[in-house]
Amino acid sequence: MKKIIATLALGLGLTSCQAQTEFSKESLTAKLINIENQGISFEEILKQNEGKTVVIEVWASWCSDCIKSMPQVKDLKEKYKEVAFINLSCDKTFDAWKSGIEKFEVSGDNFLIPDGMKGEFGTSIKLDWIPRFIVINKDGKIVLFRAIEKDFDKIIESIETSK
């Protein structure tokens with residue numbers, strides 16, 4: 001009996017440690033807002049970048065950690081020009097988001113998560129902190145599902161191995 005319990009515990013432990021390589025259906029069908037204030041599904045955003053390495057940053061203009069990490073993000077964008085950078089904002093309003101893009105000169109493709117961190121999309125990607133980074137390889141597989149502002153070494157390593 002002890003062997004069975006130990007085997008089950010090991011199996012559950014290994015399963016929970018497996019890296020997430022795909023987005024859930026809830027993530028893909030979630031509607032975000034583009035810069036023209038029109039809805040677009042997350043899946044459509046990803047399809048626009050098929051065949052590219054993609055770095056997704058979830059941020060907000062009110063987030064002090066997001067603002068502190070912006071110089072490092074700008075350095076990444078400068079170094080990896082062939083990488084698609086998608087910025088997903090958790091700002092509370094469309095106007096605050098647009099002002100934040102301009103104020104902080106956020107380059108790349110910008111989208112607003114209309115229901116914020118704790119809404120449908122945020123929950124579907126297990127969003128518990130911002131800034132949050134996700135790296136997707138050229139085959140469309142997630143190679144880094146959760147990185148925060150202290151994880152730039154992991155982000156760079158994931159970009160390098162996904163090129």
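This dialogue walks through a few side-chain features of the predicted model above.

Q: What should I know about the model and its numbering before reading it?
A: This is a predicted model, where local features need pLDDT of at least 70 and side-chain atom pairs count only at pLDDT 80 or more, while totals for chains, interfaces and linings use all residues. Residues are numbered from 1 along each chain as its sequence is written, and side-chain values use heavy atoms, with hydrogens and water left out.

Q: Is Ser 27 buried or exposed?
A: Buried means under 20% relative accessible area, exposed over 50%, and partly exposed in between (1.4 Å probe, protein chains only). Ser 27 has a relative accessible area of 0%, so Ser 27 is buried.

Q: Which residues is Ser 27 in contact with, leaving aside its neighbours within four places in sequence?
A: Contact means heavy atoms within 4.5 Å. On that basis, leaving those neighbours aside, Ser 27 is in contact with Phe 42, Phe 121, Ser 124 and Ile 125.

Q: How is a pair of aromatic rings described?
A: By the distance of the centres and the angle of the planes. Rings of Phe, Tyr and Trp (its six-membered ring) pair if their centres lie within 6.5 Å; planes under 30 degrees apart count as stacked, over 60 as edge-to-face and the rest as tilted. The count here comes to four aromatic pairs. The rings of Phe 42 and Phe 121 have centres 4.9 Å apart and planes at 65°, so this pair is edge-to-face. Phe 42 is buried at 0% relative accessible area, and Phe 121 is buried at 2%. Ring pairs link Phe 23, Phe 42 and Phe 121 into a cluster.

Q: Where does the charged end of Arg 132 sit?
A: A charge sits over a ring if NZ of Lys or CZ of Arg is within 6 Å of the ring centre and within 35 degrees of the ring normal. The charged end of Arg 132 sits over the ring of Phe 145, 4.7 Å from its centre.

Q: How many salt bridges are there?
A: Side chains of opposite charge can pair when their charged atoms come close. A salt bridge is a side-chain nitrogen of Lys or Arg within 4 Å of a carboxyl oxygen of Asp or Glu. The count is seven. Among them, Lys 141 meets Glu 22 at 2.7 Å, N to O. Lys 141 is partly exposed at 34%, and Glu 22 is partly exposed at 46%. Another joins Lys 81 and Glu 78 at 2.9 Å, N to O. Lys 81 is exposed at 59%, and Glu 78 is exposed at 51%.
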